[in-house]
Amino acid sequence: MENYSIEISVRRLVEFVLRSGSIDNRIHQVSADAMQEGSRIHRMIQKSMGPDYHAEVPLKYTYNTGRYDLVIEGRADGILDKFFNETSYDAQESLFEAGKELPLVDEIKGTYRDLNKMKEPVEVHLAQAKCYAAIYLGQKNCPGIKVRMSYCNMDTEEMKYFDFKYSSEEITAWFENLIKKYLKWSDFEFEWNEIRTKSIKAVQFPFSYRDGQKELAAGVYRTIVHGKKLFLEAPTGTGKTITTVFPTVKAMGEGKTSKIFYLTAKTITRTVAEDAYNTLRESQNLKFKTVTITARDKICFLEEDKRECNPEACPYANGHYDRINDAIYDLLTNEDSFDREKIVKHAEKHKVCPFEMSLDMSLWADGVICDYNYVFDPFVYLRRFFADGVKSDYVFLVDETHNLLDRGRDMYSAALRKESFLELKSTIKEFHPRIAGHLDKCNKELLELKRNCDGCTVIDSIEKFVNALNRLSGILSEYLEEHTTGPCRDELLLFYFDISRFLTIYDKVDDHYVIYSEFAEDGSFILRLSCVDPSLNLAECMGRGRSSILFSATLLPIQYYKKLLGGTDEDFEIYAKSVFDPNRLGVFVGRDVTSRYSKRSSEQYYNIASYIHNIVDARGGNYLIFFPSHSFLDEVYDIYEREFCNSEATELLVQKSYMTEEARESFLDRFSEGNNVDLNEYIHMDIEVEEDRNILGFCVMGGIFSEGIDLKNDSLIGVIVVGTGIPLVCNEREILRNYFEEKGVDGFDYAYRYPGMNKVLQAAGRVIRTEEDKGVVALLDDRFTQAGYRALFPREWIKMKAVLTTTVKEAISQFWSGFDD
């Protein structure tokens, strides 16, 4: 392959080659926060160094291997050299040889550590500075160079320097040795790239194109080529996963992207992405490496009550970095799919942390399958890809995009509870009186805000509180950096993370935020930084890549999502045509019942239970019934079970407020085709079960069974949705409503109607999953007859019919009779 180059940052080079030792997240997490706040320190030092000091100097070195170029690049914090702009130093050779006028490369690090206790610089910090020095020395062709490590305490602004001097031969040899240690990895990357690209060229779409599917794939490809975002509503049956993955893989073969991130909101949808890649591997012989990142708590080898990421507590953390590179190379050269099972197997084999291993495997994977957090969350995002803030050519495939709005609001919001300051003060005052004093100062500022709070109050400024919180944060950081053990350390660490989150979010506050205070149900006082419009933050994250494809089966109205998820007028939107025959879905609206809070009564609950009975009586089978809340569900369930249910003919299942993965699977297993699962295995009762029993699942809208499940054929013949799904009126929703009203749009739509209808459409989407399916959707609320709600119905609901409790059975029977004939 001609002119092929592999790019790597100086930071990644030194961290990957030199790492050794154990994982200790007790210290690492604090240090990461310190580094995040260090930009101010960098600027302060850089400005104080005089005219010969050049800040943020980009440096690049190309190492030719004979087959490809390894390009190493980075940015030096500072270079002190009054001959900076000269192309040659021949005229100053005698000065250099005398040890005078040598250029100096400065690497700046901010920390809260006690600088008096630092005896030497951190190895990887110094190595990073030496790399910059070696590159700069090679460019300037001088006989030697100086390296300085500048550490600054971010609380006191005290400085400590470590100075080194290297000859040209000495630092060049060191740098070349570092590069040679990395060549094993870059050689693999080069060879794999050839194999992967060749296989992509031969890949074809693995199925016969359905109507409109080819145009949809072409739209995804065009979006990537133009470097835009695509907002895609793709109804069930359009094959949205394979139709987005396939053209993106093809774009990689054309050099448009070097890595694909498939982002999901829920664990269950990650298997869909894995299946899509596996389909291309198996049917098209695609050579493509993917990794699935599983949350630390779900993949950790230790028992839940013993999980602690430090070498004293975890044998996998102890010496992890001494073993991890061998573990990576083993998995890399033996598998193409680094799913959870394979990560666990190889982590166990090499005795390394499986979560940290999955993060490292992402460096070598062509496709990364992970939660939204790893791209969008400011505290969890993958720093190895996004920390430098440099735009890359990554493509983000955002599945179930409707979830990103609320998730984005949560990621970029923060809250603190006043009582937490008093509780911690009471716990630690005997051991840490200085910290207790600063906790008290923060509490006093919150007390002033509390006095002015009238239930829920929007606040213009919290500057006094933030100043006190910043001082507390600095003192906590200093203590945690210097003490790996001590009284109440765990409590202090957890509290430090809480206030660090608040301060980090506060730095982001702008006109997309509302700051407000409120009283919780237990009477505690809470101060919130609410990101009501996350569009700017989400767009910034997507801006780190080349293109984003945001898709969902429910993305109506698409302009609402486009606006709040960071889209612009230049970005694209597509409403994909459903491939299903709309005549195979009956949509019925019950116009004589409602779920309005003000009208809830025993009579309404009875009427809804009667609706359920009549629908099931018209055609027996498997149904999911969705309610606006668990309490509403319980009211209707009790009446239905008592007044209508024939236990010999019908089995009732109920979604609990919390269910384990095993309980969820057992629930869904009952919805097998023909109901031929042995009920004895499910309820452990010694009774015989008829195969034609009705299975009714009582569920909650927006819950675990309202999206991401795929029940085909007679596994599910109907969905009953009770209510419009709108959230209950609360402080948070009223804040949203008022904010958008002030922006000149319908606040009720933005805060209530649109989020509610999305839950309705997601629930309704559980029925009709294949072209052979047929079924019914019953919407039980008179508000669905209003124009504002009907405007949000999918275009496929062309034969919606209004019914009453007394007519629904006949209407349902007529629908099914068309198929019986």
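**Figure 1. Buried residues of helix α11 in the predicted model.** In α11, the buried residues are His320, Ile324, Asn325, Ala327, Ile328, Asp330, Leu331 and Leu332. Helix α11 itself runs over residues 320-332 and has 13 residues. From its first C-alpha to its last, α11 reaches 18 Å, close to the 18 Å expected at 1.5 Å a residue.

**Figure 2. Packing of helix α8 against helix α9.** Two packed helices are described by the angle between their axes and the distance between the axes. For α8 (residues 240-253) and α9 (residues 267-284), the axes come within 10 Å and cross at roughly 55°. The two helices are therefore oblique to each other. The crossing in which α8 passes α9 is right-handed. On the α8 side, the contact is made by Thr241, Ile242, Val245, Phe246 and Val249; on the α9 side, by Val272, Ala273, Ala276, Tyr277 and Leu280. By class, this contact of α8 with α9 holds nine nonpolar residues, one polar residue and no charged residues.

**Figure 3. Packing of helix α5 against helix α6.** Helix α5 (residues 123-140) packs on α6 at an angle of about 115°, and the axes are 9 Å apart. The crossing of α5 past α6 is left-handed. From α5, the residues in the contact are Ala127, Lys130, Cys131, Ala133, Ala134, Ile135 and Leu137, which meet Ser168, Ile171, Thr172, Trp174, Phe175 and Leu178 of α6. The residues of this contact between α5 and α6 divide into 10 nonpolar, two polar and one charged.

Figure 4. With a relative accessible area of 3%, Thr290 is buried. Not counting residues up to four places away in sequence, Thr290 touches Tyr277, Arg281, Asp336, Ser337, Phe338, Ala365 and Gly367. One of these, Tyr277, also takes part in the contact of α9 with α8.

**Figure 5. Glu734 in helix α27.** Glu734 belongs to α27, which covers residues 731-742. Its relative accessibility is 25%, so Glu734 counts as partly exposed. Leaving aside neighbours within four places in sequence, Glu734 is in contact with Val729 and Tyr752. Between Glu734 and Gly747 the C-alpha to C-alpha distance is 8.7 Å, at a separation of 13 residues in sequence.

**Figure 6. Backbone geometry at Pro557, Lys351 and Glu400.** Most residues other than glycine have a negative phi, and most peptide bonds are trans. The peptide bond from Leu556 to Pro557 is cis, with omega near -10°. Pro557 sits in the loop between β17 (547-552) and α22 (558-564). Lys351, although not a glycine, has a positive phi of about 55°. The loop between α12 and α13 holds Lys351, and Lys351 is partly exposed, with a relative accessible area of 41%. Glu400 has a phi near 45°, likewise a positive value in a residue other than glycine. Glu400 is located in the loop between β12 (395-398) and α16 (404-411). At 10% relative accessibility, Glu400 counts as buried.

Notes
Residues numbered from 1 in each chain as written. Predicted model: local features only at pLDDT ≥ 70, side-chain atom pairs only at ≥ 80, totals over all residues. Heavy atoms only, no water. Helix = DSSP H or I, 4+ residues; strand = E, 2+ residues; numbered from the N terminus. Expected span 1.5 Å × (residues − 1). Buried < 20%, exposed > 50% of the residue type's maximum accessible area, 1.4 Å probe, protein only. Axes fitted to C-alpha atoms, helices over the stretch in contact; angles between N-to-C directions. Parallel < 35°, antiparallel > 145°, perpendicular 65-115°, else oblique. Left-handed = near helix turned anticlockwise from the far one by under 90°. Contact = heavy atoms within 4.5 Å. Nonpolar A, V, L, I, M, F, W, Y, C, P; charged D, E, K, R; others polar.
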